[in-house]
Amino acid sequence: RLFRQEGTCYQQAKRVLHVAVPDHLHARERETGVIRQFLRDHVCGHRPGSLYISGAPGTGKTACLSRTLLDCEDELAGSQTIVLNCMALSSPQGVFPTVAKQLGLPAAAGREGVRRLEKQLTARGPMVLLVLDELDQLESKEQDVLYTLFEWPRLPGSRLVLVGLANALDLTDRSLARLGAHPAGRPRLLHFPPYTRDQLSTILQERVAGDPILDAAALQFCVRKVSAVSGDARKALDICRRAVEVVELEVRSQTLLQPLPGGE
């Protein structure tokens, strides 16, 4: 019974330290504003276009976009949103039948499948927002998949708005150089810098506000280490959550194995 009371505190601490989409992303107000305005201009404004979001792991790219999509849900209600993590695809070409299925089209491989998609995306209908996380998984020798995707918004009558996310800052320059030949062909770029020490400190303090389990000095030690190496907010949260799990196991062991005072 005593452990269940203490255990509740540890469970609560682990919940607030879980890597999830918070109601507010600290130090990402500018990036959130750029994404929100892009969606309003292109999806709500019925203007096809593309946006490439880059940044190292743990800099808030996916969380920021997810939060913005949730906040703009009512505004985007008249369009169709497709969100794919490209890590789940068996090959770069697998993105086409996957998108076709989301649009209600029969699966077709190769050029026939691509032609069906192009016909669908240039026919009359609501705007289509296609979000591709881990976009670099679609890179190939000829980069034909990436070129096809980023050229779709430029097709006459296109109703596609494409948002891609990946770690590499130079993916569009390195892998999509030919897009630069068309003034309107290059996607808009948005980069997420690593979190600074002060930003990581604020993020952790906001998560554990009022929770006495994690000592302030320990939090600052974690922040110094993570900010010096990567500025990865997910890693900072993982470290703190793991520390809570270690203490929880120690307390559980003591509660179960040590005799109670006055016991036999």
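This is a predicted model: local features need pLDDT of at least 70, side-chain atom pairs count only at pLDDT 80 or more; totals for chains, interfaces and linings use all residues.
Local features are taken at pLDDT of at least 70 and side-chain atom pairs at pLDDT 80 or more, while totals for chains, interfaces and linings use all residues. Numbering starts from 1 along each chain as its sequence is written, and side-chain values rest on heavy atoms, with hydrogens and water left out.

Overall, the protein has ten helices and five strands; these are DSSP runs numbered from the N terminus, with helices being H or I of at least four residues and strands being E of at least two. Of its 264 residues, 42% are buried, where buried means under 20% relative accessible area, exposed over 50% and partly exposed in between (1.4 Å probe, protein chains only).

Now for helix α5, residues 110–121. Its twelve residues should span 16 Å at 1.5 Å a residue, and the end C-alpha atoms sit 17 Å apart, which agrees; the expected span is 1.5 Å times one less than the number of residues. Gly113, Val114, Leu117 and Leu121 are the buried residues of α5. They lie on the same side of the helix because they cover an arc of only 100° around the axis, the arc being that of the directions from the helix axis to the C-beta atoms. Cover for these buried residues includes α4 (95–102), β3, α6 and β4 (160–166). On the face turned away from the buried side, α5 carries the exposed residues Arg111 and Lys119.

The loop between β3 (128–133) and α6 (144–151) holds Gln143, which counts as buried because its relative accessibility is 11%. The side chains of Gln143 and Glu139 are joined by a polar contact of 3.4 Å. Such a contact is a pair of N or O atoms within 3.5 Å; within protein, one must be able to donate a hydrogen and the other to accept it, and residues adjacent in sequence count only if both atoms are side-chain atoms.

Most residues other than glycine have a negative phi. His46 belongs to the loop between α2 (29–44) and β1 (49–55), and counts as exposed at 57% relative accessibility.

Notes. Contact means heavy atoms within 4.5 Å.
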